[in-house]
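Hi,

Here is the structure I promised to pass on. Have a look at it first, and then read on for what turned up.

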Amino acid sequence: MLTGTLLMGRRGGRTFGLRLEELPVGRDGVPKVAVRLCGYIEKHGLKCGGLFRLSAGNPKLVERLRTSFDRTGDADLEAAGDVATVASLLKLWLRELPEPVIVNQVAIQLLDIHEKLHDETVQWREAVCQILMTLPDPNTCLLRYLLRFLRHYDQHGHRAQCHHHTSGGVAAIFSPLLIQRGVEQSGNIDSIQQVVAHQLMNKLIHECNHIFQDRVYLKVFFLHFL
């Protein structure tokens, strides 16, 4: 039996490589695998500097935990006791989604609006809200959850005065997973676009509570359907 885990009610089937709409979700529409992995990191890894760096984690343990998720829908992360490996597992799960969280056309629109309005915070927020309204619901739920998770991680890093925790560093790692994957589906992304994508990711993390604030989001929702 798994000890200390959040069982997901699955027996068999896959967790990695499935489309978002195929995965079991919690009350907020967030895939349970994301909640499980991020929840473990929040409990054990907020003070770990450089947690999401590309070289972190034990590859053999990553594969073992992945196999467990694919077989049962969960893994005994507590027994593994390696938060860097869990962080690598989260990145692997995002990388293997058949479609990026921020889909092709939305990623391109976000990059375009960021270049035009990055210095106009209020207009930027409303424009980003309107663009994100076009995402499928499962993608929106997961993106909101991930951005808030990364912001929480970043805030704890600043309190600990750890330079590895800067949102710029986290943005550089998660930008290829959340933004650049969508852009790359339309062709190669050049170095300038990569820089803009990192800046956009950084601002999405920093502004996530404003972007998804109920009042702002509802305002954009009604304007979108008028």
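A word on terms before anything else: when I say two residues are in contact, I mean that they have heavy atoms within 4.5 Å of each other. Please also keep in mind that this is a predicted model.

**The overall picture**

The protein has 10 helices and 0 strands, so the pattern along the sequence is simply α-α-α-α-α-α-α-α-α-α. Of its 226 residues, 47% are buried. If you take the contacts between residues at least 6 apart in sequence, 79% of them join residues at least 24 apart.

**N139, in helix 7**

Let me start with N139, which sits in helix 7 (residues 137-159). Is N139 buried or exposed? N139 counts as buried because its relative accessibility is 3%, and the cut-off for buried is under 20%. Setting aside neighbours within four places in sequence, N139 is in contact with L20, E99, P100, V101 and V103. N139 and V30 are 109 residues apart in sequence, yet their C-alpha atoms are 8.8 Å apart in space.

Two packed helices are described by the angle between their axes and the distance between the axes. Helix 4 gives us a couple of pairs to describe that way.

Take helix 1 (residues 32-44) with helix 4 (residues 83-95): they pack at an angle of about 150 degrees, and their axes are 10 Å apart. That angle makes helix 1 roughly antiparallel to helix 4, since anything over 145 degrees counts as such. The crossing of helix 1 over helix 4 is left-handed. Which residues make the contact? From helix 1 they are V33, A34, L37, C38, Y40, I41 and H44, and from helix 4 they are V83, V86, A87, L89, L90 and W93. By class, this contact between helix 1 and helix 4 has 12 nonpolar residues, 1 polar and no charged ones.

V86 counts as buried because its relative accessibility is 0%. Apart from neighbours within four places in sequence, V86 is in contact with L37, Y40, I41 and L77. V86 and A56 are 30 residues apart along the chain, and their C-alpha atoms are separated by 9.5 Å.

Now for helix 2 (residues 59-72). The axes of helix 2 and helix 4 come within 9 Å and cross at roughly 60 degrees, which makes helix 2 oblique to helix 4. Helix 2 passes helix 4 in a right-handed crossing. On the helix 2 side the contact is made by L61, V62, L65, R66 and F69, and on the helix 4 side by T85, S88, L89 and L92. The residues in this contact of helix 2 with helix 4 divide into 6 nonpolar, 2 polar and 1 charged.

Helix 9 (residues 191-211) has a bend of about 45 degrees at I205. Its buried residues are V196, A197, L200, M201, K203, L204, I205, E207, C208 and I211.

How is helix 6 (residues 121-132) placed against helix 9? Their axes come within 11 Å and cross at roughly 90 degrees, so helix 6 is roughly perpendicular to helix 9. T121, W124, R125, V128, C129 and L132 of helix 6 meet L200, K203, L204, E207, H210 and I211 of helix 9. That contact between helix 6 and helix 9 has 7 nonpolar, 2 polar and 3 charged residues.

A171 is buried, because its relative accessibility is 0%. Not counting residues up to four places away in sequence, A171 touches P176, H198, M201, N202 and I205. I205 is also where helix 9 bends. A171 and A197 are 26 residues apart along the chain, with 8.7 Å between their C-alpha atoms.

S175 also lies in helix 8. With a relative accessible area of 0%, S175 is buried as well. Leaving out residues up to four places away in sequence, S175 touches Q180, A197, H198 and M201. Of these, A197 and M201 are among the buried residues of helix 9.

Happy to talk any of this through once you've had it open for a while.

Cheers

Note on methods: Residues are numbered from 1 along each chain as its sequence is written. This is a predicted model: local features need pLDDT of at least 70, side-chain atom pairs count only at pLDDT 80 or more; totals for chains, interfaces and linings use all residues. Side-chain values use heavy atoms; hydrogens and water are left out. Axes are lines fitted to C-alpha atoms, for helices over the stretch in contact, and angles run from 0 to 180 degrees between N-to-C directions. Helices (H or I, at least four residues) and strands (E, at least two) are DSSP runs, numbered from the N terminus. Angles under 35 degrees count as roughly parallel, over 145 as roughly antiparallel, 65 to 115 as roughly perpendicular and the rest as oblique. A crossing is left-handed if the near helix is turned anticlockwise from the far one by less than a right angle, and right-handed if clockwise. Ala, Val, Leu, Ile, Met, Phe, Trp, Tyr, Cys and Pro count as nonpolar, Asp, Glu, Lys and Arg as charged, and the others, Gly among them, as polar. The bend at a residue is the angle between axes fitted to the seven residues ending there and the seven starting there. Buried means under 20% relative accessible area, exposed over 50%, partly exposed in between (1.4 Å probe, protein chains only).
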